[in-house]
Each structure stands twice: as C-alpha cells, then as structure tokens.
Amino acid sequence: MATEADFTYDEATFEVTDKILKAFKEQGYIILRGLFNPEELKKIKSVLEETDLVPKHGYGIPDATGRMPKMVLWRAPGTDVTGMVCRCEKVVTTSEKLLGGEVYHYSTKLMMKEPLIGGRQEWHQDYGYWYQNGLLFPDALSVFVAIDRCNKANGCLQVLPGSHKVGRIEHKSVAGQTGADLERVEHLKKVFPLTYMEMEPGDALFFHSNVLHASDANNSSNRRWALIMAYNRKSNNPLESLAPPFPRYTPLEKVPNSAILDCTNLTDFSGKEFLDPTADKTVKADTSNRSEQATKA
C-alpha cells in the first residue's frame, strides 16, 4: 500500500492538507484510519444488522463464477443513522475538498460478502458504470467504510494506485456485473502494482471514480461487509435523459459529526429511495431469495 496515501483520522485536529490532496491526486485514493469510532460503528451496525433493511431490500450481483456478492443500494440519505453517516461533515466536506467543489449524494450501498460463499467484484472503474448514467466527467468519488475487518482472506478491495490517470476504460457486461476490458487491466497491472486495501472496522477509503479496483471472493469463515457512499460534483450534473435511476443534482444538507450518535432513528427508512435493481441497466441482479429473507426477518 502506498504509505503516502495512508492517514490517521483525529476528530479534533483533522483537516484536508496539501499532503492529503497530493496523495489523492497522485494515487487516486486516500485512507483515513479510524474515521468512524467504535461507538459510531456499533450504532451503524445496529441499523444494518437488526432491522429489515437487508432482508427487504438486498439482492445479489452474480460474478463470472456464479457466486454472488450481495448488496442494498439507496439513492437518498434518509433520516436514519446511515443517513447521518452519508451527510456528516467528515465524509462530505472531505469529499468536497478532494474533488474541488460542492458535491451531492449520488448513492450509498451496503456490500456484503458472506463467509465462504460471497462472490468477487470484477475489475472496474466506478465511472465505467456512471458514464452510462449520464455523468460527463469523472468528477466523483466513493467512500468505502469497513464495517468488518477487510483482509485478503475475506475479499478486501484491491486497487491499482494511479490508474485513474489513464482515463475511462471500455467496460462490458461480465455475468451480472459491469467489468473493465481485462486485457487492458492486465497490461495496467504491470504499470500500477496491485495493492490490497486491508482495513480495520471504521477505516475509510476515499477513491476517485476512475481508479481500477476489484475484490476476490470471500473464502474465509469471516463476514466482510462494507458501506460505500458515492458523491458527484454539483458541476457534473448528469444528462437528464441518461441519469435514471440515479439522481441528478440535489442539494445535500450536511450535519455535524455528532449527529451519528445523536440520531435516534434506527428503523424508519422512508425517503431513502431504495434502488429497484431491475431498473439498473448496469447490472443483472438476482432477487430470488429476497422475499424468503424478508419472511424470515
């Protein structure tokens, strides 16, 4: 891992410095260790694990081997605890400084790789997906927050540092996912050394929409869940004709970091605009066990 892109978050002193901006520009990502503290993480997990959010709204995205990472995706923050996470200053303001302008919430998804069965995520750029939804420029990023420990064994994120500089690569359907041209990816691996993003719960990876990344299947006995928030610059408002089902510019009301622990809404998910995966032209989802899961919940 590029140590120059690895930073420790301190609530009292953190600011986006020139060093951080340089790392993001050169590597295409930064890691903020401990962005969410144990108390915040416990509250976030209570929403993800103890409500009907996953059973009611979860679905699988088959990989090339037929195994499936699972996910839940919503397009508006909502007013529950996860909505406060999407809107808190340490996420949103950092994203704005890294991208150089006002941002809005594009989407949030919970990515789930269950023990021994969770599938891989094929090599791709997020802009490979979002280009199809009308984004004219790659002026967007994702914030990958580790809910569980992420390591090689359970399918942590892999990136090619600096690969955002090559621009958008041609993408095509790979099983149920959208994947980058693998021949080109193999050549780029010789230029940009593959890096495993091993992370502890609460760590956050901010990465540019053109950074090539993937993750292997979870062949371990440990779960690997991550919350991934995406932000697009206001100036990069998607083409209206191509944007659906994802949002065009909608002002984002930031909240103080304290709002996460202050929030008492753990179960009301109204206003989050959960994605119907059948409306997403960039994936082919498997929703076959959704009703069964909801019944068991």
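Let me start with the sheet of eight strands, which is open and has the order β1-β2-β12-β7-β14-β5-β4-β3, with mixed pairing; strands here are DSSP runs of E of at least two residues and helices are runs of H or I of at least four, numbered from the N terminus, and two strands pair if DSSP finds at least two bridges between them. At its edges stand β1 (6-8) and β3 (59-60), each with a single partner strand, so one side of each is left without a neighbour in the sheet. Before I go on, please keep in mind that this is a predicted model, in which local features need pLDDT of at least 70 and side-chain atom pairs count only at pLDDT 80 or more, while totals for chains, interfaces and linings use all residues. Residues are numbered from 1 along each chain as its sequence is written, and side-chain values use heavy atoms, with hydrogens and water left out.

Staying with this sheet, helix α1 (residues 18-27) packs on it and touches β1, β2 (29-33), β7 and β12 (204-208), where contact means heavy atoms within 4.5 Å. The direction of α1 makes about 135° with that of β2, the axes being lines fitted to C-alpha atoms, for helices over the stretch in contact, and the angles running from 0 to 180 degrees between N-to-C directions.

Now to β7, residues 140-146, which is joined to β14 by seven bridges, the two running antiparallel; valine 145, for instance, has leucine 227 of β14 as its bridge partner. How many of the residues of β7 are buried? Seven of the seven are, so β7 is largely enclosed by the rest of the structure, buried meaning under 20% relative accessible area, with exposed over 50% and partly exposed in between, for a 1.4 Å probe and protein chains only. Ala140, Ser142, Phe144 and Ala146 lie on one side of the strand, and Leu141, Val143 and Val145 on the other.

That brings me to the nonpolar cores, each a set of buried Ala, Val, Leu, Ile, Met, Phe, Trp, Tyr and Cys residues joined through side-chain atoms within 4.5 Å. The largest has 78 residues, of which Ile30, Phe36, Val143, Phe144, Leu205 and Tyr231 touch the most other members, and strand β14 (residues 224-233) gives the largest share, seven residues. A second, separate core of nine residues includes Trp123, Ile169, Ala180 and Ala214.

Next, tyrosine 104, which lies in strand β5 (residues 103-113) and counts as buried because its relative accessibility is 0%. Leaving aside residues up to four places away in sequence, tyrosine 104 touches, among others, Tyr231, Arg233, Pro247 and Leu252. Its side chain reaches the backbone oxygen of proline 247 at 3.1 Å.

Finally, an open sheet of four strands has the order β6-β13-β8-β11, with antiparallel pairing. Its edge strands are β6 (121-124) and β11 (195-197), each of which pairs on one side only, and neighbouring strands are turned by 25° against each other on average, direction ignored. Between β8 (residues 157-159) and β11 there are three bridges in the antiparallel sense, and the partner of leucine 157 in β11 is methionine 197.

Conventions: Polar contact = N/O pair within 3.5 Å; in protein donor to acceptor, adjacent residues only side chain to side chain.
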